[in-house]
Amino acid sequence: MLDARRMRIATRLAIAVPVLGLTVVVWLVVSSGRLLGEGGDQCSGQDARLTALDKLDALALKPSGSQEVEESANAAECVGDDSVGSWLSSSRVYSYGGSQRDLIGFYEGELAGLGWRREGRDAGPGDVRTCFTRKSELGWETLTITFRPGGEAGATFRATAEAAVDRSKIGC
């Protein structure tokens, strides 16, 4: 009788141990994918940060005489990319009657007082983007000013603010 009872316990253990082991392995695979940023919606729960980014002080700055182009309104979104992760982005498009040099000078002067630092080399007439960064409660923020090459007056430019979902620095 004792041998039959031991045999049933041994059989149950022989079934339970592999099932439990398989359950742990499946759980680890699923969990590690989420921890590594793969799978799932990385943009989920980012609404407050996206709203803050969309109201960012740097996006409200514009040189005298420029006008926001209506199509740029409400251009805030969370963008997911498996290769580099997810990031929040908000942009505005402005018309501007001045030169590219004047535009960059305006942003350099205004943003420095708000804690932004210019990244990269000095912009020349052929450059189409200039980048600024700062660290805030949102994590690292990047502001990129993009315009047509040549620095002609009377063109449009785009001001784009970005912040990584994981709060890391986004390169320029």
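Helices (H or I, at least four residues) and strands (E, at least two) are DSSP runs, numbered from the N terminus.

This is a predicted model, in which local features need pLDDT of at least 70, side-chain atom pairs count only at pLDDT 80 or more, and totals for chains, interfaces and linings use all residues. Residues are numbered from 1 along each chain as its sequence is written, and side-chain values use heavy atoms, with hydrogens and water left out.

Next, select Arg49, Leu50 and Leu53, the buried residues of helix 2 (residues 47-54). Viewed down the helix axis, they fall within an arc of 100° (taken from the directions from the axis to the C-beta atoms), so they line one face of helix 2.

Now select Cys43 and Cys78, which are joined by a disulfide with an S to S distance of 2.0 Å; a disulfide is a pair of cysteine sulfur atoms within 2.5 Å. Cys43 lies in the loop between helix 1 (2-35) and helix 2, whereas Cys78 belongs to strand 2 (residues 77-81), 35 residues apart. The torsion about their S-S bond is about -80°, so the disulfide is left-handed. Cys43 is buried, at 17% relative accessible area, while Cys78 is partly exposed, at 23%.

Finally, display the whole protein, which has 4 helices and 7 strands. Of its 172 residues, 33% count as buried.

How values were computed
Buried < 20%, exposed > 50% of the residue type's maximum accessible area, 1.4 Å probe, protein only.
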